[in-house]
Amino acid sequence: MSSPPAELPDNTGPSGESNPADSEIEIYRHSSAHLLAAAVTELYPDAQCGIGPPTDDGFFYDFLVQEPFTPEDLRAIEKRMAHIVKQNRPIERKLIPKVEALDLFAKKGQTLKCELIRDKAGDLVQCYTMGDFIDFCLGPHLPSTGRIKAFKVRESASQSYWKGKEGNPSMQRIYGYAFFTKEELDQHLHRLEEAKRRDHRKLGRELDLFSIADETGAGLILWHPKGGFIRKQIEDFWRDEHLKGGYDLVFSPHIAKIDLWNTSGHTQYYKANMYSPIDIEGVEYQLKPMNCPFHITIYKSKLRSYRELPFRYAELGTVYRFERSGVLHGLMRVRGFTQDDAHIFCRADQLGGEILRVLDFVTMVLRAFGFERYDIYVSTKPADASGTDPQWEVATAALKEALETRRLAYAVDPGEGTFYGPKIDIKIKDSLDRAWQCSTIQVDFHNPARFDLEYIAEDGKAQQPVMIHRALLGSLERFFGVLIEHYAGAFPLWLAPVQAVVIPVAEAHHEYARNVADKMKSAGIRVHVDDRPEKMQYKIREAQVQKVPYMFVVGKTESADPKVELVSARHRHAGDLGSATSLSDWIAKIARFSSERAVSEGEVPMAPRSGGTGPQPVVSGGVR
Ligand SMILES: [Zn+2]
Ligand SMILES: [Zn+2]
């Protein structure tokens, strides 16, 4: 640490953080943290202040108090903050000699601040006042509290430890949101509400899609029939498209001799994510964390000629990776998952073409699921890497060129490639504009060398192929979680486990309802008849809750003429679509939307976006 200049007498950031606030929004949010601390100390004079940095959407401040803050306390604090804003108190910088500062904070009972000053301050202690409230801080801040226009205190406080260390005093952390304008704040709060409503764990339960059971273990997913059906649709589509796209489908076991992982380098580089070996008749086997070595072994099973290359081996391969229980999260972070994996073995002169081909494949597949907006990153050579500089340059250039050819905007992530090669990472943007890492395209020079891969070149000499690792959806589990949240459980017709419900108005119409359903079934529509002795409105509501795309109500009018089959149609989003309409028209429409894998049904958007950015700009190529 360098000695601080006289003008900046300490090296403490926003209320004890290690960096000063450096952007307008950070300064704004950090000033809001001071506002919070001022309100808390005025309402609870015994409260000791910890630290209060800005966050991505606001700020927090840690307090040492006798009793945890109640929701009523938090409301009172928010009110007090609004009062201080109204007073428009100046926020003023003061330089105070260390001895005096220690005395001042000690008199206010701020023992923790004294500790920070002793640890971090120089001879002159930089403080900021907000009326009577004073804080030890590097700043900078807004000139006065009146500049804070839009903030909100979160409904509950959480626990933290002083200086983040377990065993230290337990603090109460109050979070707040802060934005430049009321509109921005409201929009953010709305998005948070939406995210809660779309939470895949909640919808997974409500729609009976999947579960995670104590009896089976944390991070291990049980796919229920409806979730299982959606997975089947995804897998069928995936396999068909891979066969069309020139891939071969392969399958590999869940365990393999540990030697395989020694050769691949996993036991060396990846050990922390692997489970303990399994002893089988005195030989160690490993539960697979990756599929690559299996596909490599298939490649190696024969002598390969330059004429046969490229080989494209694809597998929905289930892998097991250790994740600490604390980081597991629904479908998003699990211990066992199925990668939609493939490995391409090609000649160096084929690399560019293959990358472009994969890129086109990725965008086609993602579009089928309704994802058209991405954040794309090209990761370049890290400090500790395998392969030569020219190899890295050629491969990195090939990745960039493919993106530029397709006019896809990307940013460069310097030094973030894997140790074996550069990569493209594609984060898909969902309907709330959140980015999810799904697709990856990775060039690999390392494994072909480790495993002595060869092909016989035109001149009869042995050559080493290049490998591409790629996944389109990433993990089926995670992708399913993203899909659930993107569509808020209202899946497009081609994925929906139940596409339509027929609802007879009374028992007299049960037979007609079954007839309607049979007609639909023979056209391949997934339909059932709700003939329970419940009220029609109740059945509609339930189909609505289950997000069934279409509901067909049948009663006296619809069944009057046996030669003309009529239904009254409802859509989960659009509501009433007309009474006594033609059944055969609906069958044709649903069958078409389904076979076309439409992500919207006619005029009805499936996943309306709330605000956010417009279409992707063309190539930017800037550094992230
Ligand atoms: Zn500050
Ligand atoms: Zn791989």
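Biologist: To begin with, does Glu-281 count as buried or exposed, and why?
Modeller: This is a predicted model. In it, Glu-281 counts as exposed, because 5 C-beta neighbours lie inside 10 Å, and the cut-off for exposed is 12 or fewer.

Biologist: Where does Glu-281 lie?
Modeller: Glu-281 is in the loop that links β13 (278-280) to β14 (283-287). The backbone there deserves a remark: Glu-281 is not a glycine, yet its phi is positive, near 50°.

Biologist: Turning to peptide bonds, which residues does a cis bond join, with omega about -5°?
Modeller: That bond joins Gly-139 and Pro-140. Pro-140 sits in the loop between β5 (133-136) and β6 (150-153). The bond from Leu-309 to Pro-310 is also cis, and its omega is near 5°.

Biologist: Where does Pro-310 lie?
Modeller: Pro-310 is part of the loop between α10 and β15. As a general point, most peptide bonds are trans.

Biologist: Let us change topic. What does the domain assignment give for the chain?
Modeller: The assignment gives domain 1 (14-195), domain 2 (206-252 + 291-485), domain 3 (254-287) and domain 4 (500-605).

Biologist: How many residues of domain 2 are in contact with domain 3?
Modeller: On the domain 2 side there are 11, and they contact 12 residues of domain 3. α10 (292-300), β15 (311-320) and α13 (446-450) each supply at least two residues of the domain 2 side. The most comes from α10, with 3 residues. By class, the domain 2 side has 7 nonpolar, 2 polar and 2 charged residues.

Biologist: What separates the centres of domain 2 and domain 3?
Modeller: Taken over C-alpha atoms, the two centres are 22 Å apart.

Biologist: Now the helices. How do α3 and α4 run, and why?
Modeller: The axes of α3 (residues 98-107) and α4 (residues 111-120) cross at roughly 165° and come within 8 Å. Angles over 145 degrees count as roughly antiparallel, so α3 and α4 are roughly antiparallel to each other. Their crossing is left-handed.

Biologist: Which residues meet there?
Modeller: From α3, Lys-98, Ala-101, Leu-102, Phe-105 and Ala-106 meet Lys-113, Cys-114 and Ile-117 of α4. This contact has 6 nonpolar and 2 charged residues, and no polar ones.

Biologist: At roughly what angle do α11 and α12 cross?
Modeller: The axes of α11 (residues 351-368) and α12 (residues 389-405) cross at roughly 45° and come within 9 Å. That makes α11 oblique to α12. The crossing of α11 and α12 is right-handed.

Biologist: And which residues of α11 and α12 meet?
Modeller: Leu-351, Gly-352, Ile-355, Leu-356 and Leu-359 of α11 meet Ala-395, Ala-398, Leu-399, Glu-401, Ala-402 and Thr-405 of α12. The residues of this contact divide into 8 nonpolar, 2 polar and 1 charged.

Technical notes:
Residues numbered from 1 in each chain as written. Chains lettered and ligands numbered in written order. Predicted model: local features only at pLDDT ≥ 70, side-chain atom pairs only at ≥ 80, totals over all residues. Domains from an automatic or database assignment. Contact = placed C-beta atoms within 7 Å. Helix = DSSP H or I, 4+ residues; strand = E, 2+ residues; numbered from the N terminus. Nonpolar A, V, L, I, M, F, W, Y, C, P; charged D, E, K, R; others polar. Buried ≥ 20, exposed ≤ 12 C-beta atoms within 10 Å, placed from the backbone. Axes fitted to C-alpha atoms, helices over the stretch in contact; angles between N-to-C directions. Parallel < 35°, antiparallel > 145°, perpendicular 65-115°, else oblique. Left-handed = near helix turned anticlockwise from the far one by under 90°.
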